[in-house]
Amino acid sequence: MSKFEFPPSIKSRPVWGTFEERKGSAFLFIADAEGADAIIDIATPDLMAKAHIIFINRGTDYAEKLRALAPAQFYEGPSYDAALSRIKRVLSDAKMGIQVYLSGTESLMGQAANEATLAGVPLASIQTEHRGSTARRMQCVHCKGFTEDVETDPFQCSHCGLNLFVRDHYSRRLAAYQAVCIDAEDPGNVPPSKGIYE
Amino acid sequence: MTIQFNDETFRDDYSFRNSDWAIKRFPFPFHEDSYMYSVNMEQHRGGPEGSVYEKRFDVDEHYVSEMRDRAKVLDDDPLRCQSLPHMTLAGWDLLELIMVSKSEDYPDLFELHRDGDTWRWVNKPLGIDDTFTFLDETTLPYGPMEYITRQSQGDFAVLDQRENNLWMDAGMITTQADWSLDFDIGMNFFEWHAPVPMAHEMGIFKRALKFLLNIPQGAPARRLNWTMTVNPLLDTSPENYHKWGIQKTTLTPENIGAKQHLRVELQTFYRLPRSNALAFPIRCYLCSFQDLMTMPKWGRRLHRVIKDLPDELATYKGFIDNRPMMLDYLAQFDDGLPTSPGIFPEPETEPPLKTG
């Protein structure tokens, strides 16, 4: 499947990469949905012998393909939230020399990169590759609630219900883009939603 | 001089007013009849007597009421003040800088008595007399940054310096021009400025960062920045934009002189001694259009600046929709006469407005 080319954007927005082979003492892969393809593309028997794959399927059926790569450890979970305690535990056990590979949605990569950084993994040891959905994880600047999988602009906050527009301003700490009320100066005047990249 | 502190509000009934003294010393941000971004830094080593540049941390007639407004903002939303764990030492640095500066610059208002690590701080306008142990957080009612910035006008960002960059790792932000500390905390210099149009392409931020990284102890710098605010609302936060945004639509040709305010930030930059962090106070001054127009030079100039401002900047600063009404109002105060260079109003020498 071809990769989505994100349009040029502002400097707070992260730039996602392409996986490359690196030397390491251990390899932790965290992926969701189509992110599995990025693992499959780089997998070799040697790499997989020292790999731990944490896969969040989000309703896809990539798990069997990943299991077939014969990684040293494999976990499949339904959602990032469900996998989070395991991710934290694995990162807290990580030793010097670990290489972290994150692939799939921006939400997954952003949140997992933040966990890895908090656990002390240097940024230079974290690789990313975007695959699949281009939906965004948005934080409402008003109520602070997060809305996942936002594909349209504007959208309605899943917590407070305000009509919000999608900014490119991005916080790594929150792993989210900022969403701001669109009709504050003209209540009720909300333009029709369209795709974020339309 | 003894300052008479106003009893006023920056919300609801908006009883905020500038005295004639405050108008005359207002930091008008345009030194010529046009405006474009620049790295407009200069040394912060005093200025004309009575001006906002004179003291290290300017205290004016709005002090007590501004601190009351800040306390209200923090009651409503404690996330406006945050400090990442590694920034506590920088908070003590900032506390020391402000206490020493204010007690030296305003000895009739503030006193600092130091006996080793035992410090006694007296803040007469706010009725505070506290004794605490320097560098011992348990002896203060708040963390050191929050304690001192609840007693200091203006927002305070405290920037960590590492990897040849500055990091927004602590702050007290309640009088902001529509940016969120809670969202931006932890960002580097380029990231938190990311939404600003045009300036990245002009190389402004690269040059500004280079300058700021090299500010040494004892040589603070300053610059002015500006935007527009309808009503004298200090807390123009993104958090509350869904509540205050509607006020921008309440301007009419009759009320614009009283309601439309020029909002100016006096930004200063101090290297902190123990942490090597950079203190970045952002002091907000508000002045209504009608008060600005009492200075003929400012009347002429503001009209010319707003008229020629690029649309991107008027949009970013949030007044593109109101610009035509602003220009209709301001045009009455521009008789086409030349203006003298510099920001000061010079009412004694500038010609009065030609009428008829």
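Predicted model: local features only at pLDDT ≥ 70, side-chain atom pairs only at ≥ 80, totals over all residues.
Good morning. I begin with a pair of helices in chain B: α11, residues 296-308, and α13, residues 323-331, pack at an angle of about 155 degrees, with their axes 9 Å apart. An angle over 145 degrees counts as roughly antiparallel, and α11(B) and α13(B) are therefore roughly antiparallel to each other.

The crossing of α11(B) over α13(B) is left-handed. On the α11(B) side, the residues involved are L302(B), H303(B), I306(B) and K307(B), and they meet R323(B), M326(B), L327(B), L330(B) and A331(B) of α13(B).

Let me turn to a helix pair in chain A. Here α4, residues 80-92, packs with α5, residues 106-118, at an angle of about 30 degrees, and the axes are 10 Å apart. The cut-off for roughly parallel is under 35 degrees, so α4(A) and α5(A) are roughly parallel to each other. In this case α4(A) passes α5(A) in a right-handed crossing. From α4(A), the residues Y80(A), I87(A), K88(A) and L91(A) meet L108(A), Q111(A), A112(A), E115(A) and A116(A) of α5(A). That contact divides into 6 nonpolar residues, 1 polar and 2 charged.

Next, the nonpolar cores. Which residues have the most contacts inside the largest core? They are L94(B), V158(B), L159(B) and A279(B), in a core of 37 residues. Several elements of chain B supply at least two residues each, including the strands β6 (155-162), β7 (165-172), β9 (260-271) and β10 (278-288), and the helix α7 (204-213). The largest share, 7 residues, comes from α3(B).

Leaving aside neighbours within four places in sequence, V158(B) is in contact with M87(B), A90(B), G91(B), L94(B), M145(B), D169(B), A170(B), G171(B), A277(B) and A279(B).

Finally, the contact between the chains. How many residues does each chain bring to it? Chain A provides 16 residues and chain B provides 18. On the side of chain A that touches chain B, the elements giving two or more residues are β10 (163-171) and β11 (176-181) of chain A. Of the elements on that side, β11(A) gives the most, with 3 residues. The chain A side as a whole consists of 7 nonpolar, 5 polar and 4 charged residues.

Thank you for your attention.

Definitions and conventions
Residues numbered from 1 in each chain as written. Chains lettered and ligands numbered in written order. Contact = placed C-beta atoms within 7 Å. Helix = DSSP H or I, 4+ residues; strand = E, 2+ residues; numbered from the N terminus. Nonpolar A, V, L, I, M, F, W, Y, C, P; charged D, E, K, R; others polar. Axes fitted to C-alpha atoms, helices over the stretch in contact; angles between N-to-C directions. Parallel < 35°, antiparallel > 145°, perpendicular 65-115°, else oblique. Left-handed = near helix turned anticlockwise from the far one by under 90°. Core = buried A, V, L, I, M, F, W, Y, C linked by C-beta atoms within 7 Å. Buried ≥ 20, exposed ≤ 12 C-beta atoms within 10 Å, placed from the backbone.
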